[in-house]
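The sequence and the structure are shown first.

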Amino acid sequence: MRLPYWLLMLLIFQVCHATPLRLVTFDYPPYVTEGDQGPEGLATSIVGEVFARIGKHAQIKLYPMNRALNLVSHRQVDGLFPLKKTPERELTMVYPHQPLLIQDYVFFVRKNSPWKFNGQLASIAGARIGITRNVFYSPRLDQALKAGLFAAVDSTDSHELNLRKLLAGRVDIVPCSRTVALQLLQAMPGGNNAVQTGPSIEKVASYLVFTPGPEAAKLAALFDQTMTRMTKDGSLNRLMANELRRQQQAPIRIH
């Protein structure tokens, strides 16, 4: 629902005269990485531009993923990105309508692996799968994990560790955002020994979420309004193109 102009201006005035917004994120290359001046990457740039347009100062700090989730759960910060939407999370977090990112989630296997994903999860039933704790991949895969489709489920704290386990032969298959996995594998010794198998599992949206509080609904509404304007005026596409050029010129780093 589009807000009346006068109401939008009132929300901006109320939000901008409050204390700085405390946001947390986690290493998620190339969307979020740790730069010399703090977090950077496409997701960080979008969030920074949105709040700059609103006129709200946002302090963005990078933590390990589980620590960032814990800070939001205990309401010690104002928000977190990027995070997927689940019914459980919607009970404790405030989501805007506009996603921050939309990603293709795919499976990776070692070269010459007998496991081939054909679009049906039954085609990889019995494989040893590596997943990242507290990550929601997609409704389809979540249901398959709960149903016990796989021979073994190995959990780690990061996508990087999962891919390293795949290369070492400790798991057979790993789901991950295609863009994130390719970025991580490019910086790993032997990373070219992992390849995508089959089509996308699903396209999944990730969001900037807010901790429940008196300003959360206002911030979510302002975020939606600003993202809509950035899409319409072409600035979101320009920001994405600029970030892509920056990443192509910058060295790849793994933390």
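The model is predicted.

**Aromatic pairs**

Across the whole structure, a search finds five aromatic pairs. One of them joins Tyr-95 to Tyr-207, with 5.4 Å from centre to centre and 80 degrees between the ring planes, an edge-to-face arrangement. This pair links distant parts of the chain, since its members are 112 residues apart. Tyr-95 lies in the loop between α4 (87–92) and β6 (101–110), whereas Tyr-207 belongs to strand β10 (residues 194–210). Tyr-95 has a relative accessibility of 12% and therefore counts as buried. Tyr-207 is also buried, because its relative accessible area is 10%, and buried means under 20%.

A further pair is formed by Phe-107 and Phe-117, whose ring centres are 4.9 Å apart. Their planes stand at 75 degrees, so this pair is edge-to-face, the cut-off for that class being over 60 degrees. Phe-107 sits in strand β6, and Phe-117 in the loop between β6 and β7 (128–132); the two are ten residues apart. Phe-107 counts as buried at 0% relative accessibility, and Phe-117 is buried with a relative accessible area of 3%.

The two pairs are set out here.

| Pair | Centre to centre | Angle between planes |
|---|---|---|
| Tyr-95 and Tyr-207 | 5.4 Å | 80 degrees |
| Phe-107 and Phe-117 | 4.9 Å | 75 degrees |

Elsewhere, Phe-26, Tyr-28 and Tyr-31 form one aromatic cluster.

**Packing of helix α7**

Strand β6, which contains Phe-107, and strand β10, which contains Tyr-207, return in the packing of helix α7. In this helix, which spans residues 178–186, the buried residues are Val-180, Ala-181, Gln-183, Leu-184 and Leu-185. They pack against β6, α6 (159–167), β9 (174–177) and β10.

How do α6 and α7 lie relative to each other, and at what angle do their axes cross? The axes come within 10 Å and cross at roughly 65 degrees. The crossing in which α6 passes α7 is right-handed. On the α6 side, the contact is made by His-159, Glu-160, Leu-163 and Leu-167; on the α7 side, by Ala-181, Leu-184 and Leu-185. Classed by residue type, this contact of α6 with α7 comprises five nonpolar residues, one polar residue and one charged residue.

Notes. Residues numbered from 1 in each chain as written. Predicted model: local features only at pLDDT ≥ 70, side-chain atom pairs only at ≥ 80, totals over all residues. Heavy atoms only, no water. Phe/Tyr/Trp six-rings, centres within 6.5 Å; stacked < 30°, edge-to-face > 60°. Helix = DSSP H or I, 4+ residues; strand = E, 2+ residues; numbered from the N terminus. Buried < 20%, exposed > 50% of the residue type's maximum accessible area, 1.4 Å probe, protein only. Contact = heavy atoms within 4.5 Å. Axes fitted to C-alpha atoms, helices over the stretch in contact; angles between N-to-C directions. Left-handed = near helix turned anticlockwise from the far one by under 90°. Nonpolar A, V, L, I, M, F, W, Y, C, P; charged D, E, K, R; others polar.
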